[in-house]
Amino acid sequence: MPLIREIVGRFLLALILIASVAALNFMLLHAAPGDIVETIVGEMGGATEETVRELRHQFGLDRPFVEQFFLYIGRTLTGDLGISAYYNRPVADLILDRVPATVLLVFTSLAIALGLGVILGVISARFSRSWFAAVVNVVALLGFSAPVFWSGLLLLLMFAIIVPLVPTSGMYDVAADLSGWAFAVDVLHHLILPATTLALIYLALYTRLTRASMLEVMNSDYVRTARAKGLHEGKVLFKHGLRNALMPVVTMAGLQLSGMLAGAVLVETVFTWPGLGLLAYDAISRRDNQLILGILVASAVLVIVGTILTDLLYRLIDPRVGARS
Amino acid sequence: MQQSIRFAMVLLGSLACGIISSPTYAGKENNSVIWASVGTPRHLNPAVQSGVYTMQPGAQIFASPLRVDGDWKIQPYLAESWEFGSDNKTLTLKLRKGAKFHDGAPITSADVAFSLMVVKKYHPFRLLSEVEKIDTPDDNTVIVHLSQPSPALLLSLTPPFCPVLPKHIFDDGQPLPTHPRNLNPVGSGPFKLVDFNPEQHIILEKFPDFFLPGRPKLDRVVIKIYKDANARALAMEAKEADFSPLITDISSIDHLAKLPNLVVSDEGGRGVGPLIWIAFNTAKKPFDDVKVRQAISFVLDRQFITKRLQRGRTQIATGPIAPSSPYYTSDVEHYKVDLPKAEKLLDEAGLKKNAQGIRFKTSILFTPAGRDYSQNVAEYLKAQLKRIGVDLELVPMPDFPSWAKRVGGHDFDMTTDNVFNWGDPTIGVHRTYLTSNIRKGVVWSNTQSYSNPRVDELLAKAAVETNEDKRKQLYKEFQQIVVRDAPVAFINVVPHYSAYDKRLKGLPMSIWGSHAPIDELSWE
């Protein structure tokens, strides 16, 4: 029962959050100089005054701000994200087209960062005075402090040009016209660099977090008790140590989901990965406001879903969480 | 535990090897070409949307009544022949028999008449405005009636401007600019559309029933859209693409020119005429004074800009018409760099140095795009102006709409700008200098607020003058006046380089370059 009540409460909160995201962003975007008509005329290489007027009318940009605002909020709440002025296609279609790429990128990176980060963290906590731990520490620090677009370009140069192992950009090879298993392999091939780049920052974060958390847990009384019982070291490390040490890491991973989406914008831009981030980047510089707003609302939904999932994950790792509420 | 780590590493390693070993697909093996581009078109109908990224695929998907070669000579295309009436106010086109659209329907005079009227009504460049009415006495004859003679008419009927649209698809009552089939058109050109995925690719396939026998020579053309010039250059270097036109950034050009498998050339596309200039807001002090504008022109060393800043990849522009145009004249004031003369002009304009050695303060806008032609030029100008006591503030614009808002709103002192000639001066040149085209809110109109009655008169005459020699004379005087009046300081022509695999033959070398059909492109 409390679980259901919690979920309903969360859902209502989410709706309010989405409405605020839409309203706030609408106002912010309208404060930016210039509009989509300027972009379109720019790409056309100039236009007559009539064309300009016609375009503004077509997109409803000649209406008063307040009218545009309420029209937009009304439409958003009924689930209509509108039409992208630039692409002349429904915003919802464009977003749905791009969501899989972003989800694939973000979750692959998350899996790499979390999996590898926890393993490295455990190792460097267990052998905290070894040279291996020192190396892990330095690498983690480097990964954490390098900006994504820099490390991305560097990896691109190294593994696509100097040692051409992977393609430079895109998600699949359009010219090859593949399907089935071959297509999946092709996508993975294209995924390696962007996912690694995005994972690099978070890898460092999780490594350090796991390490610190492990060091703390391994000094606690119950671990000493477990050892005193004569348990196998592996069991002590993973069952008693890691499971308890994982809580802050999972919390962080949940919180970082929105950060990862933001990081994905940069990574997608560097690698021309056809996800939401790339779509948003182009839409902003074009003032395709309908599309930007749609993407922001979609991102808000993704983050909310992610947070709810994190909460559910808590219950799996630590049964006390559910019991307390 | 160490064993499990070792196992995981082996697993990851073998997976990685499997993924990495998948091959890349170059074009030659299956007679296709991968064309690297850096811009997404809004849609694919060049009758209602201009701009290079619509024109390029548009010219492959749609045929046009006529085409033009590399020497500005009009050539037959869908029309086998054409003839002007004695008063130059009618044009008769004879169409090829048996030509078909991609859906198999025959191309008739009704389609051509419909297409011309669509271009007249919707094309952003105000093309074919002198067309009054079109007769179609039979399926293969089109008679165009004009309100006045139009020397630009034939060029307006060539691929980047006048696609032949299927009337049975587009004439269904829906407004053309937002017609859904603009995204998924049935065309008349050498290639038909297979898939258009914005920001990603446009896939084109040979149209087997194309009306020119033996064309096109390629089976498939994939236009891959890259994020920016750097991504495109990397892709060309990694041999992921075979052909890339419209490369303008100097670092890409220099870099690609060093690669042994590529040819990098600026041939073809001479009609486009993209000029770089610094525009003055002549409605604002002190730029209302011609001497101030001339003074600024005299501090710019165009040799230095083209040879040093742009590493010899560009050509100096001396006036409003690009040097590759038949109407170009070099018989104009050349503004050879002359700082003492610039100082003298400013003194005469009453702008004397104050105690700090400053004559006046002003600002220049520039956009983030094309750094070689905007930011670098603006920074150079700042350094030069400092030497004659003018304090120039650099105002970088974050993106195109921000810039367009200010320039279109006449809210600027100076700005760098890039404006295309588009072949005939009536299309891309007149708009900048006509008094009647001073319009607020429209970028690339006469945003300089320049007005000279003699220029208006010359341009009005040149727009209807069908005698080539007389027309050249009119444009010569026009160029001399505009360069002397200096509403803009002309700097250089943007080079449109192409990079392509050296085994490719039959590249598009007409005055429209890659904005024309690539039906002769083939692998050797």
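**Notes on the two-chain model**

1. Starting with chain A: of its 325 residues, 42% are buried. Keep in mind throughout that this is a predicted model. The secondary structure of chain A comprises 13 helices and two strands, and the C-alpha trace spans about 85 × 55 × 40 Å along its principal axes. If you take the chain A contacts between residues at least 6 apart in sequence, 73% of them link residues at least 24 apart.

2. On confidence, the model comes with an ipTM of 0.82 and a pTM of 0.88. For chain B the average pLDDT is 93, and 95% of the residues score at least 70.

3. Now the interface. Here 47 residues of chain A are in contact with 48 residues of chain B. On the chain A side, α2 (36–44), α3 (49–58), α7 (148–162), α8, α10 (233–271) and α11 (276–286) each bring at least two residues. The biggest giver is α2(A), with seven residues. Sorted by class, the side of chain A that touches chain B has 23 nonpolar, 16 polar and eight charged residues.

4. α10(A) and α11(A) pack with their axes 7 Å apart, at an angle of about 85 degrees. Angles of 65 to 115 degrees count as roughly perpendicular, so that is how α10(A) and α11(A) sit relative to each other. From α10(A), the residues A264(A), V265(A), E268(A) and T269(A) meet G277(A), L278(A), A280(A) and Y281(A) of α11(A). By class, that contact has five nonpolar, two polar and one charged residues.

5. On the core: the largest nonpolar one has 241 residues, and those with the most contacts inside it include Y206(A) and I295(A) from chain A, along with W35(B), L116(B), W277(B), A489(B) and I491(B) from chain B. Helix α8 (residues 180–218) of chain A provides the largest share of this core, 16 residues.

6. As background, most residues other than glycine have a negative phi, and most peptide bonds are trans. The bond from R215(B) to P216(B) is cis, with omega near -10 degrees; P216(B) is in the loop between β9 (201–206) and β10 (220–225). The peptide bond from K285(B) to P286(B) is cis too, with omega near -5 degrees, and P286(B) is found in the loop between β13 (274–280) and α8 (290–299) of chain B.

7. Then there are the positive phi values. Which loop holds K239(B)? The one between α6 (229–237) and β11 (243–247) of chain B. K239(B) is not a glycine, yet its phi is positive, about 60 degrees. L246(B) also has a positive phi, near 60 degrees, and is a residue other than glycine, but its place is in strand β11 of chain B.

Terms used
Residues numbered from 1 in each chain as written. Chains lettered and ligands numbered in written order. Predicted model: local features only at pLDDT ≥ 70, side-chain atom pairs only at ≥ 80, totals over all residues. Core = buried A, V, L, I, M, F, W, Y, C linked by C-beta atoms within 7 Å. Buried ≥ 20, exposed ≤ 12 C-beta atoms within 10 Å, placed from the backbone. Helix = DSSP H or I, 4+ residues; strand = E, 2+ residues; numbered from the N terminus. Contact = placed C-beta atoms within 7 Å. pLDDT = per-residue confidence, 0-100. Nonpolar A, V, L, I, M, F, W, Y, C, P; charged D, E, K, R; others polar. Axes fitted to C-alpha atoms, helices over the stretch in contact; angles between N-to-C directions. Parallel < 35°, antiparallel > 145°, perpendicular 65-115°, else oblique.
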